[in-house]
Amino acid sequence: MVTIAHISDPHVGSPYFVPNLMNRVIVELNELSPDAVVCTGDLTNEGYRQEYKNWVAYAQRIESRVLTVCGNHDARNVGYLHFEELIGPRHWAVDVRGVRIVGVDSSEPDLNEGQVGRERYDWIQEQFDVPADLKIFCLHHHLIAVPGTGRERSTVADAGDLLEVLIRAGVHIVLSGHKHVPYVWRIEDLYVATAGTVASLRLRGYTKPCYNVLEIDGDEVKILRKFPFGGSNVIAHFSLSTGAQYFRELEPPVQLAAGEQPVGSAGE
């Protein structure tokens, strides 16, 4: 079985960042010993160099390989330059035991919104044009609106075109963050999984800090939601060969009082 952990949005440097949560997640990840840990951005809160260095101090304690994409908070204040120096390339492709994982920077400097851009489409197609048991695409911004996150305003600007590119490329799973609410959508045979915030209290409604774990066992894939200090539950279970969906968690949107704004409405 191949195991991939998916963490997102720690927001190191934010007053809502909780070091104790991050320390616990590191312990849990090292106990799990996944084949890779994917982090879908917003490592920092303002993109400052010291925030990056603080994140690196946490990330270096994770014993598994960490694969990271840049978030909109990371790109603030020209922070993408620190990302390239301290984290690595903003666009990459790696193979993990038969799993092809491609990551792309969807951020725009000093904007909450993002896009991938058509200049990247051919490159994405080329990266997935290789034999693989499972193909995973990673970016920070969400491709599809997530229930319980208020009015939609910050999916990637080219979400429709990008979805078509990914489906044509045979991608099985998209991993993203940004909205701090975990959810799974299915479009054709593509599963789009967002992760909650892993170590921050920038939460919406009754959501809690959490992260995802992907278990690939032969033909079957399970996506689990894991709570630091707590248990886990399956949020999706499907077959790669037949496309059969055994389970997908359906949660009602978080209800807001009249006139109430969702937490983080000033920008994810």
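Reader: Let's begin at helix H5 (residues 159-168). What covers the buried residues of H5?

Author: The cover includes helix H4 (residues 121-128), along with strand S8 (134-138), strand S9 (173-176), strand S10 (183-187) and strand S11 (190-194). The names come from DSSP runs, numbered from the N terminus: helices are H or I with at least four residues, strands are E with at least two. Before we go on, two notes. This is a predicted model, in which local features need pLDDT of at least 70 and side-chain atom pairs count only at pLDDT 80 or more, while totals for chains, interfaces and linings use all residues. Residues are numbered from 1 along each chain as its sequence is written, and side-chain values use heavy atoms, with hydrogens and water left out.

Reader: Which residues of H5 are buried, and which are exposed?

Author: Buried means under 20% relative accessible area, exposed over 50%, and partly exposed in between, with a 1.4 Å probe and protein chains only. In H5, Ala159, Leu162, Leu163, Val165 and Leu166 are buried. Looking down the axis of H5, you find them within an arc of 160°, so they line one face of the helix. The arc is taken from the directions that run from the helix axis to the C-beta atoms. Gly160, Asp161 and Arg168 are exposed on the other side of H5. Just after the helix, Gly170 has a positive phi of about 80°.

Reader: How do H4 and H5 cross?

Author: For this you compare axes, which are lines fitted to C-alpha atoms, for helices over the stretch in contact; angles run from 0 to 180 degrees between N-to-C directions. The axes of H4 and H5 come within 9 Å and cross at roughly 20°. That makes the two helices roughly parallel, a label for angles under 35 degrees, whereas over 145 is roughly antiparallel, 65 to 115 roughly perpendicular and the rest oblique. From H4, Tyr121, Ile124, Gln125 and Phe128 make the contact, and from H5, Asp161, Leu162, Val165, Leu166 and Arg168. Contact here means heavy atoms within 4.5 Å.

Reader: Which strands does H4 lie across?

Author: H4 lies across S4, S5 and S8, and runs at about 165° to S5. Those strands belong to an open sheet of 6 strands with mixed pairing, in the order S4-S5-S8-S9-S11-S10. Two strands pair if DSSP finds at least two bridges between them. Strand S4 (92-96) and S10 are at the edges with a single partner strand each, so one side of each has no neighbour in the sheet. On average, neighbouring strands of this sheet are turned by 20° against each other, direction ignored. Strand S5 (residues 99-103) and S8 make a parallel pair over 5 bridges, in which Arg100 stands opposite Lys135 of S8.

Reader: What is the strand order of the open sheet with 7 strands?

Author: The order is S3-S2-S1-S12-S13-S14-S15, again with mixed pairing. Strand S3 (66-68) and strand S15 (245-248) are the edge strands, each with a single partner, so one side of each is left without a neighbour in the sheet. In a regular strand the side chains alternate between the two faces of the sheet.

Reader: How many residues of S13 are buried?

Author: 5 of the 7 residues of S13 are buried, so this strand is largely enclosed by the rest of the structure. S12 and S13 run antiparallel, joined by 7 bridges, and Leu214 stands opposite Ile223 in S13. Their hairpin has 2 residues between the strands, and Gly218 there takes a positive phi near 65°. S13 also pairs with strand S14 (residues 232-239), in the antiparallel sense over 7 bridges, and Ala236 of S14 is the bridge partner of Ile223. This second hairpin has 5 residues between its strands, with Phe229 in the turn at a positive phi of about 70°.

Reader: Where is Glu51, and is it buried or exposed?

Author: Glu51 sits in helix H2 and is buried, with a relative accessible area of 9%. Leaving aside neighbours within four places in sequence, Glu51 is in contact with Val12, Gly13, Thr44, Asn45 and Glu46. The buried residues of H2 pack against S1, H1, S2, S3 and helix H3 (80-86).
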